[in-house]
Each structure stands twice: as structure tokens, then as C-alpha cells.
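The following exercises concern the architecture of one protein. Please work through each task with the sequence and the structure at hand before reading its solution.

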Amino acid sequence: MNFQFLSVTRAGRAARLGTDCPMPAPRLCGCNYSVHYAVRELHTCGRKFIIVRIDRLQGENLEAKNIDQVWEADRLGRRQDADFLYNFIVGEVAKRKRQNRRSSYALNVDARWGAGKSFFLERFGKQAELQGHVVAYVNAWQDDHASDPYVAIMAAIDRAFAPYVREDSGLKKAWTAVVENGGPIAMKIGAGVLRSIGKKHADITSDDLLSDDPDPSFATDLAEAVVESSLETGKAEIEKLFDRTLQKMIDQFKKADRAVKSFRKRLAEAVQILDQSGKKAPFFILIDELDRCRPSYAVHLLERIKHLFEVDGVAFIFATNSQQLQYSIIGTYGAGFDGFIYLKRFFDRTYIFKEVSVKRQIEELSASIEKRKVRVPLDDLVEFLSSACDAYELDLRAIEQILEMVDVAVSAWQHPIPLDMVILFPLCVSFYRTGTVDLVVAQRDIPKGWFIGDTVQDYRQTIDRRVMINQAFSVATDRFTSMEKVMSAQEANNDAPTERYVRQTFMPEWNGKFVDRNSRSIQADLIDLVANAGRLAVKSTAA
């Protein structure tokens with residue numbers, strides 16, 4: 001039997017001695033020599049000191065506990081996706097390394113907006129860090145104001161490397177080499193420079209070729225420059241112009257090509273040193289919100305990663321709405337361009353999130369809503385919200401943000417009488433869509449035919465127990481402007497389920513109490529409450 005043996009000093013520190021010992025382990029010991037280790041076996045080996053076998057049980061338990069905490073808010077079952085993808089990518093990178101192939105990997109996580117991509121990517125990164133990896137985060141949408149995504153990617157890697165660069169001089173030296181070799185990467189040809197070449201016969205300098213250019217069409221500009229210059233020069237001059245221009249471009253291309261190869265080599269070396277310093281391979285680069293970027297920026301970022309950053313020991317995970325990303329590519333290259341085939345150049349594989357049960361998400365999102373402060377048909381908040389989201393055909397992003405607004409409004413409701421969800425929810429949807437609270441618009445947009453309840457058949461007739469939401473909202477918002485209207489309606493001889501529901505909403509305000517009939521109902525406070533809650537709750541972040 002082989003064990004890992006360590007000697008324990010008086011200070012409780014363990015030093016590794018070897019892996020083999022002929023002596024059996026006579027007894028178990030529950031003593032803890034370290035807060036990170038549990039002593040499992042204790043025996044002597046004819047030596048003057050104690051030999052112990054220890055396992056990293058406490059450390060593993062702590063890691064598992066921390067990972068559980070990372071996924072504590074997981075409402076969509078993304079933890080299972082993360083565990084699978086983590087094991088797959090780590091295994092795939094290791095396999096490629098054993099096969100002497102380039103040991104990088106690029107995975108695209110594909111899901112529609114609102115399906116939890118951003119949540120997944122953030123938690124995946126934290127889990128990977130807990131498991132010993134270095135992780136860089138790139139929010140492409142936040143960075144697309146930059147002219148070149150290369151800078152944003154380098155900044156993200158720099159942030160990820162920073163804690164380890166400070167501790168490891170070898171890594172610091174390697175990373176410094178990466179940065180120094182990254183200077184001449186962004187080679188662009190300026191349209192204005194090309195025109196000046198044609199007109200003035202000016203030489204092309206490195207600064208010219210590396211300048212930023214809003215118009216990348218080299219062929220068009222060069223042709224235009226030649227046409228313009230042809231009015232001033234003869235055929236021989238034009239040929240000389242082409243020769244000089246082409247040679248300069250070839251020289252500059254060679255220089256840039258050498259810079260790219262050197263950069264990739266230095267980056268691979270830095271990642272390897274990071275691996276040797278105790279961090280696990282691969283180094284993860286997580287890229288979110290690519291489908292929300294400017295089309296040209298999204299395409300440029302993909303190409304930068306493909307040509308510059310795909311080196312041994314690096315794994316990329318993109319979180320995208322692939323359909324939307326294809327539209328961005330088509331918008332850049334023109335109608336008729338096959339965006340799907342183009343994307344396949346950049347991703348080794350695509351992982352598609354499974355569809356999430358809307359009701360399950362609603363159960364989780366509404367769990368924090370204080371039920372005692374809410375009035376809802378059938379006294380079933382989840383059923384009402386599920387019905388509402390289905391009636392409005394809301395996607396997952398809209399559901400999350402609207403229910404966040406509902407939660408904020410309920411928390412801010414300070415009256416002892418519950419607020420009416422039949423009024424609140426349509427107002428929240430209207431604010432989410434328009435940014436304002438308008439009763440007329442909210443009324444108009446309530447889906448026709450939306451109801452809560454059912455019809456039952458007894459032995460003689462059909463009994464209708466449905467509350468028609470459009471009608472209930474209309475009646476309630478008309479009456480809540482005046483307690484006179486509220487109280488007068490109590491005398492009406494109408495026992496339809498919708499009318500009965502509305503009357504019961506207002507009843508606690510006047511039943512057995514003195515009421516100023518000229519005042520308005522407390523339910524009217526929902527107008528301002530939703531406006532305030534909406535400004536606090538609605539976010540623009542993607543998921």
C-alpha cells in the first residue's frame with residue numbers, strides 16, 4: 001500500500017518525506033494537525049518521529065461549500081451546465097496537450113436574451129477560480145466604445161494576471177515581454193494616408209500604417225487615390241507609385257506578422273509559467289455580451305481572439321445569442337453573407353442552454369415578495385404571475401425585470417391594506433415597455449381574454465368564476481380616484497366574479513370605518529409607486 005507520508009514537527013507543520021513505507025497503519029487518529037487537513041492514519045516506521053498520512057478533506061469540503069455558495073442564487077439549473085462544461089473543457093485541453101495539438105479551446109454558450117447567460121458566465125468564472133484557475137472577464141458591450149478590442153482583452157488579462165505577477169518574478173518578466181510585444185499588433189491602413197500617397201507620392205511610415213481608420217476599405221481607397229493621381233501624373237509615375245506603395249505594404253506586413261508570432265509565443269510562455277506556479281490549466285477568458293456590441297466591434301473582437309490569443313493553455317467561453325450575432329456579422333459584411341458558417345471558424349463547439357420553465361423561474365423570482373401585502377385572484381400569487389407573463393408573452397429578461405419592479409413596489413407599500421396585483425402588474429409592464437406610467441396605455445395593452453379562474457358545470461348550469469383582468473383593471477382604476485365611487489359601487493346589484501373581486505379589493509378601506517368620500521383610494525398610490533419602483537428597479541444589463 002502506498003501513502004503520502006509527512007513528518008509533523010512540534011509546531012504542527014508537515015514536511016513531505018516520501019511516498020512508500022513498508023509499515024502497516026495500525027490505528028486511526030482523528031487529530032487535526034492543520035485547519036486544512038484531517039489526519040487519517042498514524043504509525044511509526046522505526047524512526048524517532050511520527051509519520052502520518054493526511055488527506056485534503058477539509059480543503060475539499062471548504063471548496064465544495066464555497067462553490068455551493070457561488071450558485072446559491074441559481075434559479076435556472078445552470079450549476080449542472082457549469083459542472084459539465086468545466087469538466088469537458090479541462091479534459092479537452094489536457095487531451096489536446098497529450099496529442100501535441102494546440103491546447104486551446106473556444107466554446108460558445110448559445111441562448112436567447114434573458115436565459116441567464118451573464119449569470120452563468122459570472123458564476124462559472126468564480127467556480128473556476130475556486131478550483132484553482134486564473135480567469136479573465138471581458139464584457140464586450142461595455143468595452144465597444146474602444147476602437148480596437150485588442151486593448152480591452154489585454155486589459156482583462158492584465159487584471160487577471162496582476163495578483164500573481166506581484167508574487168512571481170518569473171511570471172512578471174514573462175508578462176512584461178507579452179506587453180512589450182503587443183505594441184505593433186493593430187495594423188490598420190488609413191484611407192486618408194492612401195489618398196495622400198496618390199496625390200503627394202509620400203512614403204508610408206509605420207505610424208501611417210498603424211493609425212486608426214474609420215474606413216477599412218483598402219481597395220476602394222487605393223483605386224480612388226490612383227484615379228485622382230492619374231490626372232496629375234503619367235503612366236510611368238503611377239507604376240512607380242504602385243511599386244513603392246506595394247513594397248512598403250509588404251515590408252510592413254512582414255513586420256506585423258513577426259510581431260503577431262512573437263506576441264503569441266510570449267503569451268503562451270506567460271500562461272505556461274502561470275501553470276507551473278501552481279494555478280491549474282487552462283487559463284479561462286470569459287467573454288460576455290458580444291451579441292449586443294456594434295457589429296464591426298463584435299467581428300473585430302472575434303478576429304483578434306482567433307489570430308492573437310488562441311495559444312496553448314487558454315480556453316475561451318463566449319456567451320452569445322448566436323442568432324443575433326449572425327445578424328451583426330451580416331450587418332458588417334452585407335446581405336447574403338453566411339453568418340452561421342463564419343461563426344463556426346471561431347468556435348470549436350457551441351453549447352445550447354435548455355429551455356427553462358417559466359413557472360419555475362417565477363416561483364424563484366417571486367419568493368421574496370411579501371405575500372401578506374398583496375391581494376391577488378384565487379390567493380395564488382405564482383399562478384397569477386405565471387398567467388400574466390404568459391398572457392403578455394414576456395421573455396425571461398422581461399419577466400425578471402418586471403418582477404423585480406413588483407418586488408420593489410410591494411416592499412415600499414406601507415398601507416396596512418394589501419395592494420391589488422391586478423392593478424400593479426399591468427402598470428409595471430407598461431412602465432417596463434414605455435418608461436412611464438399611463439393608465440390608458442396600461443389598459444390598452446392588457447391582453448384580451450386574460451382571466452384568472454375557471455368555469456364549472458353543476459347538474460343544472462355552468463357557473464363562471466373567472467375574473468377578467470382587463471375589465472377588473474378598468475373598473476378598479478376608474479373607481480380608485482374617489483371613495484365616493486368606491487362606496488356607491490357597493491350598492492350595485494352585480495355579483496359577477498370580476499365585479500365582486502373589485503368590490504372586495506376596496507372593501508377594507510371603508511367597511512366599519514369613517515371615510516372622507518372626496519378622498520381617493522389608497523390603491524391610487526400605485527401610480528406613483530410604480531413610477532418610483534421602475535426607476536429604481538429596471539436595469540439594462542443582459543443575461
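The model is predicted: local features need pLDDT of at least 70, side-chain atom pairs count only at pLDDT 80 or more, and totals for chains, interfaces and linings use all residues. Residues are numbered from 1 along each chain as its sequence is written, and side-chain values use heavy atoms, with hydrogens and water left out.

**Exercise 1. Describe the open sheet of five strands and its strand order.**

Step 1. Helices (H or I, at least four residues) and strands (E, at least two) are DSSP runs numbered from the N terminus. The protein contains 22 helices and 16 strands.

Step 2. Two strands pair if DSSP finds at least two bridges between them. The order in the open sheet is β7-β8-β9-β6-β10, with parallel pairing. Its edge strands, β7 and β10 (349–352), each pair on one side only.

Step 3. On average, neighbouring strands of this sheet are turned by 20° against each other, direction ignored.

Step 4. Six bridges join β7 and β8 (residues 280–288) in the parallel sense, and Val135 stands opposite Phe284 in β8. Four bridges join β6 (residues 105–110) and β10, again in the parallel sense; here Asp110 stands opposite Ile352 in β10.

**Exercise 2. Determine whether Phe284 is buried or exposed, and locate its contacts.**

Step 1. Buried means under 20% relative accessible area, exposed over 50%, and partly exposed in between (1.4 Å probe, protein chains only). Phe284 has 0% relative accessibility and therefore counts as buried.

Step 2. Phe284 lies in strand β8.

Step 3. Leaving aside neighbours within four places in sequence, the contacts of Phe284 include Tyr86, Ile89, Phe124, Ala128, Val135 and Ile317.

Step 4. A nonpolar core is a set of buried Ala, Val, Leu, Ile, Met, Phe, Trp, Tyr and Cys residues joined through side-chain atoms within 4.5 Å. In the largest such core, of 87 residues, Phe284, Phe384, Leu424 and Phe425 touch the most other members. A second, separate core of 47 residues includes Ala136, Ala156, Leu171 and Phe263.

**Exercise 3. Characterise the contact between helices α11 and α12.**

Step 1. The axes of α11 (residues 295–309) and α12 (residues 322–333) come within 8 Å and cross at roughly 100°. The two helices are therefore roughly perpendicular, a class that covers 65 to 115 degrees; angles under 35 count as roughly parallel, over 145 as roughly antiparallel, and the rest as oblique.

Step 2. Pro295, Ser296, Ala298, Val299 and Glu303 in α11 meet Leu325, Ser328, Ile329, Thr332 and Tyr333 in α12.

Step 3. By class, this contact has six nonpolar, three polar and one charged residues, where Ala, Val, Leu, Ile, Met, Phe, Trp, Tyr, Cys and Pro count as nonpolar, Asp, Glu, Lys and Arg as charged, and the others, Gly among them, as polar.

Definitions and conventions:
Axes are lines fitted to C-alpha atoms, for helices over the stretch in contact, and angles run from 0 to 180 degrees between N-to-C directions. Contact means heavy atoms within 4.5 Å.
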